Amino acid sequence: MLASFLASTPLLSESWKLCIHANAATPQIFVSNRIGDVSYVAFSGVQRVAGLDLGCRRSLVAVDTAAAGIFPALQRYGSEAEEPVMVHAEMLRLFLSMINLENFRTQVFDIMKESKLVVFTGHSLGGTMASLSALWLLSHPQCTTAVLSLTFGSPLLGNITLSRAILQERWGGNFCHVVGKHDIVPRLLLAPLSPLTPHLHSLLRLSDEEKNSLFLFVLSSVEALAKSGESLGRDSFCPFGNYVFCTNEGAICLDNVVAVVKMLHLMFATGCATSCIEDHLNYEAYVGQVSSKFLKSRGFAEGELPESSYEVGVTLALHSSEIDCREPVWEPAKDCLKTAKRMGHAPNIKSANLAKVLSKFNPLRAQIEWYKASCDASDDRMGYYDTFKLRGPSRKDVKVDMNRIKLARFWDDLIQMLDTNQLPHDFHRREKWVNGSQFYKLLVEPLDIAEYYRTGMHREKGHYVTHGRERRYKLFDRWWSNRKVGEEENNQRNRYASLTQDSCFWAKVEEARDWIENVRSESDSRKLTLIWENIDSFEQYARSLVQRKEVSIDVLAEKSSYSLWMKDLRELKSQLQQFSPQFPGFFGRGVIP
């Protein structure tokens, strides 16, 4: 679809024309051209190349530290189980040196004001500058102009977290990488550090022996990754966006990371040491071929016509790749395209099936809701949290505990599917799942906190918020904070919430109870001051939640942990103030508020 679109519009040809101009205009940083409502910005692919270590896989740096504030939307990605968004250090350095020029920002902003679409483009290293420029604008919510990055023979830029972040932000369609059939540069960073690395900035001056060694080295590395059939490693570069593979017969487009890596290998395997270098300079011919031949009808030889329209489509795509049916890579390439097709549909199918599975768990959630209502209305006046924490062996309590465990297993399995790319990449932005995960968190996390303190885990590991909180709740916090907030959510409540809006509220109460005990036993005045500051901060926070009615009525139950804590705090302050006149110097230093 994308390849057909590019072939039927001037985007491809106009972008390449400006890339040629940009390369000729070196050392000028970029050139621009406006055609109607579309503005093209092309970056030179030969500027400042000397000393750039393209082959070093270890040169990835985190954008949140190396380029703080430049890509704000990417800074929230990464966790204990996943690296942050990382890009090639030298490429980022080049981009930062460019973006820090006042005239560059001014010109780009002026171009955006005059255009409906801005196309950042570049050949070779210029392509990485185009991608980083697009990321820069897309990362800022105030950017309302449509942005497209269209690169030619660009090296890989970042790690797998960057690839996932682009998909989750729904930016995949904003990046299109045109790749020559045998071009070595887009494959180069899939290989580990090579002894030939110092010469990579001068590929054209390599000897025939060096070219052959480099070709075989990169081919074996890409083949190993392609055959693994798994996601790339934590320290690897990773494709992102759409890849348009060009040949003399047309083009095919893939957007699945695994399929892209496989096709990078299969096409490269049909080349040689000479063609892998020459192809990097052959994009003018490819652009011309795609524009003139892609939409032409193709025929099949006698006896070759497949039985189904699906097989016809796959075969046409293989014809575009210039892979002959007699070549050994024909069947693997065919399987690659079919796999990409299946993988494209599979996440949505699994998402639909997951919704059906969730409906089976709804009765478990409903039983916990009923349990909460019965606890809040109980004559014990302890409320939901404390009743579960101090529960006995009753059948009702055991049932709720089992439901808690089953629901946790469901959501952990869901997160595992999301981590392994089995669900749509925008899954965490879909309203059904954002709201569902938030309701689950507010309802069930207080029970997890109660169990944590009931079993004394805080004495072994430390308090819940820092040492005991499950990863799923942290992810759900992120999903909720990144949602689109409607105006009605800012309205003031006129009744207490059905569920306390801070799911960690009870964990904070438990920690505050420890502070009260520490005040009674601590003799160091400096430590006492810090403890009282913590107590005062939590007291103000809790009062603000109650005042805004963002707590459930169980918080205010007469024998709830919070109510008992407030009572202990009042008594402690009263006791200490009785001694204040006798020790004015001690209490005058701010030990009590």
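Q: Why does Met 417 count as buried in this predicted model?
A: Met 417 has a relative accessibility of 17%. Buried means under 20%, and Met 417 therefore counts as buried.

Q: Where does Met 417 lie, and with which residues is Met 417 in contact beyond its neighbours within four places in sequence?
A: Met 417 belongs to helix H16. Once neighbours within four places in sequence are set aside, its contacts are Lys 350, Leu 354, Gln 422 and Leu 423. Of these, Lys 350 is 67 residues away from Met 417 in sequence, while their C-alpha atoms are 9.2 Å apart in space.

Q: What makes helix H7 (residues 160-168) mostly covered?
A: Eight of the nine residues of H7 are buried, namely Ile 160, Thr 161, Leu 162, Ser 163, Arg 164, Ala 165, Ile 166 and Gln 168. The elements covering them include strand S4 (86-88), H6, strand S7 (175-180), helix H10 (257-268) and helix H16 (395-419). Just after H7, Arg 170 adopts a positive phi of about 65 degrees.

Q: Which residues of H4 are buried, and what do they pack against?
A: Met 91, Leu 92, Leu 94, Phe 95, Leu 96, Met 98 and Ile 99 are buried in H4. Their packing partners are strand S2 (38-43), strand S3 (60-62), helix H3 (63-66), S4, helix H5 (102-114) and H6.

Q: How do helix H4 (residues 89-99) and helix H6 (residues 125-138) pack, and what is the handedness of their crossing?
A: The axes of H4 and H6 are 10 Å apart and form an angle of about 65 degrees. The crossing is right-handed. H4 contributes Met 91, Leu 92, Leu 94, Phe 95, Met 98 and Ile 99 to the contact, and H6 contributes Leu 125, Thr 128, Met 129, Leu 132, Ser 133 and Trp 136.

Q: How do the residues of the contact of H4 with H6 divide by class?
A: There are 10 nonpolar residues, two polar and no charged.

Q: Which residues line the largest cavity, and what is their make-up by class?
A: The lining consists of Thr 128, Ser 131, Thr 151, Ser 154, Pro 155, Leu 156, Leu 157, His 177, Cys 238, Pro 239, Phe 240 and Tyr 243. Seven are nonpolar, five are polar and none is charged.

Notes. Residues numbered from 1 in each chain as written. Predicted model: local features only at pLDDT ≥ 70, side-chain atom pairs only at ≥ 80, totals over all residues. Heavy atoms only, no water. Axes fitted to C-alpha atoms, helices over the stretch in contact; angles between N-to-C directions. Helix = DSSP H or I, 4+ residues; strand = E, 2+ residues; numbered from the N terminus. Left-handed = near helix turned anticlockwise from the far one by under 90°. Contact = heavy atoms within 4.5 Å. Nonpolar A, V, L, I, M, F, W, Y, C, P; charged D, E, K, R; others polar. Buried < 20%, exposed > 50% of the residue type's maximum accessible area, 1.4 Å probe, protein only. 1 Å grid on protein atoms, 1.4 Å probe; cavity = no way out; pocket = protein on both sides within 12 Å on 5 of 7 lines; lining within 4 Å.
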